[in-house]
Amino acid sequence: MRKFRKVLDGLTTSSPGATLGSPSCSSGAGTPTAAPTPKEIDVQETLVSENFQLCKTVRHGFPYQPTALAFDPVQKILAVGSRSGGVRILGRPGVDSFCQHESGAAVLQLQFLINEGALVTACADDTLHLWNLRQRRPAILHSLKFNRERITFCHLPFQSKWLYVGTERGNTHIVNIESFILSGYVIMWNKAIELSTKTHPGPVVHLSDSPKDEGKLLIGFESGTIVQWDLRGKKADFRIYYDEAIHSVGWHHEGKQFMCSHSDGSLTLWNLRNTTKPFQVTFPHGKVQKDGRKESCKPILKVEYKTTRTSEPFVIFSGGLSYDKAGRRPTLTIMHGKAITVLEMDYPIVEFMALCETPYNNEVQEPYAVVVLLEKDLIVVDLTQSSFPVFENPYPMDIHESPVTCTAYFADCPPDIIPALYSIGAKHKKTGYSQKEWPITGGTWTLGSHAYPEIIITGHADGTIKFWDASAITLQMLYKLKTSKVFEKPKPGEGRAAELVEEDPFAVQMVSWCPQSRMFCVVGISAHIILYHFSKYEANTQTVLLEVRLQCESEDVISPSENENDPCISESGSHSPQPYPRQPASPVSGTTEGIKPSIPCLKVKDKTVRVPPGYQAELVIQLQWIDGEPPQQITSLDINSAYGLLAFGNCNGLAVVDYLQKTVLLCMSTLDLYGASDPYQRLTRSPRRHRQSTSEFCMRGLSNFYSDSKKRIRTSYQSLTELSDNQQSIDMERSKSPTSVHYPTSLHNDPRILPEPVASLRASHCSPVFYLLDNATESRENSFSRSRSSSVSSIDRDTKEAITTLQFGESYGRKSDALTTPCLWVGTSLGVGLLIPMSIPTDQEERMEEPVTFGPSGAVLMLKGSVLCFAFLDCMGTLIQSPYEAWRDINAAEDPDRPRKRKLVHFSPESSQETYGDGHLAVVCSERQAKVFLMPSQSCLFVHNITESSFVLRADVVSVSNSVCLACFCANGHVMTLSLPSLRPLMDVSYLPLTDMRIARTFCFTNGGQALYLSSPTEIQRITYSQEMCDNLQEMLGELFIPIETPEVQNRGFLKGFFGGNAHTFDREELFGEAAAGKASRSLAQHIPGQGGMEGMKVAAGGAVGELARARIALDERGQRLGELEERTALMMTSAEVFSKHAHELMLKCKDKKWYQL
């Protein structure tokens, strides 16, 4: 705990940064002020470095680019592997674990050690990994790297510790799962096939042990060769040579026949009694043509052959459609007896797997469901009903239903907001799902003691907004809002606007939400803003439209003054010719004299419509097109329900709207906001004659996030590029970026050339286009760690001063103020913070009639880089929340005796007049530095340069461990926290080595030491930087493994057991162990011990009680089995005695009879 004191003498002090040559933090530094100033600032800081630790908590969404699937039929958990080396393990809702291979190699295959709490992964770098699932966060126990051969297929028999591994060369190796060491027993391809065969059979594509005899291994080669290998005799029992390539093999549970799928779309059924030709050949989707030939069909990539007790077997396969039907969707075919059902899928099938009642392959399988892993979805089909309905998926697998374009994260929300949203959203759920429970029910999860209401909001490319319940590290969709319903459906070919708009005119760019008042504001990519209110009742409403002209006409550039040697030059927005009048709501068709008609690309519905309960549109604001030019993107937004105001800005200026009176209060260029406090001298010049048209760029759609090719996406992120400054600059010193664009010095020396190229493009100024890449290689090339200019395409190289952040709050508008007033804080891309005081009528009736007035700018605060955020603390260091209006349902029936009034909640620095005079602290953070100012004197108390070599992408003041801190995320992947108000560094962790555009757009902090970002186009990654949450994470995560007794083998009957020939005495250890098979070549594979062993030991040491419980269960199971064995033995003895007695009686009866008397 540290104490900071600063004694003031009544004069405004200079910023510590001013000693370095930067401009004074105050617009009138050194001048006396009449405002009361505190005698000392006494802040007890409680946060220390030990309060912070960064770690991942949970990942939500669909695994991006999935490659493999596995299921444990006893534990009932599912595993999905991905191309980036990730593995998601799913159980009952709440049981969701993510683990990542460090190599990042694609996962080729997954194999559960059934009911053992372990998982084997085979990766594209020819490495096998053994994962320990008996701990809440899985870890690798062993790894085995193959050096000379490439892994193509793996098979692990149930209750076996020997893993069969097929390779690209056609060889089959055997790995001991316990030691992860290669056995000396190898099945070489040239031994498996006949010596007379002249061609290589190809890679191994299938391995399975015979259900009839575990000592027989069926090996399938890609070329069409199938070999049954006798493991004991080390020879082939039979060989099958088929003309068509093999993709998969499925056994009948009796082990007498098997089915193969082939590349020509055929299924072949083979009987072990006669392997010279297939017992049956079928083309399920191949029709006979007029000439008698079969249609050519696509390959059947996988087939499963599952038997049932009460009906015909299930034959389930993917692919096999005829080639002539172009455009057909991917299908899964279910053949049950003579019935053939074709299920069309929305995306290509990656893998599927039938879920069966038994883990034994020699028993009747009884499939009850099919898990189908698609490229962008996971579905489970119910096989127990003839219509084959789909189960309702409890996991949030549809985050990417439309590409995510923005995110917002709110922790510690009002407790009533989640039930309110859920009750509305539940009415719109889809129907037609299977009535049975979700079949993947493994693991355990309980609601931890550290849960509190959390909500995640995602905006999407099709204009939809999704509200998610994120409490207790789970994710469940609450409510879905479609913003496109506010507009008329765009008709193709209508005017120039229709030509420019692609498929995503409604894409959500940013959102602003007040959980207390439930007011919600959406900014769209077509330069529109929609304001919603929440109601539990449906209503007939007509959305009000406001048109705002916020367009650049003339251009002003910053000129270095005579006394300054500052070559940093940028342009500002235009001067408004006159103050903007209060503009009432107007129809879309309204035009201004002398200006060409506006061409809005979206037309707001002008009729009264019936809207359902939930969020209902109240106001739409559209920026006008001027002279055929589309408006610039909106770069900043803030809404305050207590004031009834909405403010937004872009690279041209600022606008403030009174949404209670539905009028535009303020619409000014950025330059006009300064007034007499402008820190720059500007030279006015005429507009360029040949201005480059921005239409084709501004209205580009978001297109598809997961295309393999580059897709352009516009963003309003304010700090993705920066001004490149000369190192000699002192007054506006900025740290040089290693990626800045450098220009020849002759540009500075030639007076005939305007020095505008000195400034490199800033993202928020000119609506740049970003390339969003899904490919990992391209992402690295497009990362912020490399050249920022390489990832940005400029529309307009002229740098304008954009509005980058806005914040309403109670503050001191001027130095002379003794009391706080409503204010609007404005941050710009040139590092300037402006304070605009407002006068708002307090009486409710006056508020609806009298206008809100604005005073001249009361403060100009200077920082390095674009301003990212504002926050306010009282003089005790406590965060001051913005005032808000308590929610009231405007559609509810009104009581005439008790008319509804607006209930406003204010958070002033302190309620008492004494501490009112102490002022408050303003925290301002830019992409380079953070400063803490004392208001109203505007003195800079603390300053901290956050980064010199990079820049801050996201910054927020958040509450952690009953205190507050400043959290920052930098473009170089660092996550940092600073104490408040002293700005001491508390944590600096290099979290992400490379930061791509997707992460930059979606990273956001929230209270409680949490943050999130979009780790892939389909997944949300949540992290925590709180030590307390890291300590409690084990309690919050679900258990993947539960001790369950393995099902017993079914009684096969005396005759089946006697004549079936199933060899129960097969001992793999005797065949594959070192004593019999010897050691494998050391150069063939390298064993790598994993870190999971130590973690497992720690978990075991920490959970001794759990281990004792498991041991007790195991002893009980063993005792129970021994008891059952004893009972069976006694029954067998009794049965034998009865049989002997009856045999003796029969013998005596027939003893003296002749044969013909019998």
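A polar atom of the Arg-928 side chain lies 3.4 Å from the backbone oxygen of Glu-948. This is a predicted model. Arg-928 sits in the loop between β61 (920-926) and β62 (929-935). Its relative accessibility is 1%, so Arg-928 counts as buried; the cut-off is under 20%.

Now to the charged pairs. The structure holds 30 salt bridges. One of them joins Arg-136 to Glu-1039, with the closest N and O atoms 3.6 Å apart. This pair links distant parts of the chain, 903 residues apart. Arg-136 is in the loop between β10 (127-132) and β11 (139-146). Glu-1039 is in the loop between α11 (1027-1036) and α12 (1054-1059). Arg-136 has a relative accessible area of 23% and is therefore partly exposed.

Next, Arg-329. Its side chain meets that of Glu-344 in a salt bridge, at 3.5 Å from N to O. Arg-329 lies in the loop between β25 (314-319) and β26 (331-336), while Glu-344 belongs to strand β27 (residues 339-344). The two are 15 residues apart. Arg-329 is partly exposed, with a relative accessible area of 40%. Glu-344 is also partly exposed, at 40%.

Arg-329 forms a salt bridge with Asp-346 as well, and here the closest N and O atoms are 2.8 Å apart. Asp-346 is in the loop between β27 and β28 (349-356), 17 residues from Arg-329. Asp-346 has 54% relative accessibility, so it counts as exposed; the cut-off is over 50%.

Finally, a network. Salt bridges link Arg-59, Arg-88, Asp-96 and Glu-1019.

Methods. Residues numbered from 1 in each chain as written. Predicted model: local features only at pLDDT ≥ 70, side-chain atom pairs only at ≥ 80, totals over all residues. Heavy atoms only, no water. Helix = DSSP H or I, 4+ residues; strand = E, 2+ residues; numbered from the N terminus. Buried < 20%, exposed > 50% of the residue type's maximum accessible area, 1.4 Å probe, protein only. Polar contact = N/O pair within 3.5 Å; in protein donor to acceptor, adjacent residues only side chain to side chain. Salt bridge = Lys/Arg side-chain N within 4 Å of Asp/Glu carboxyl O.
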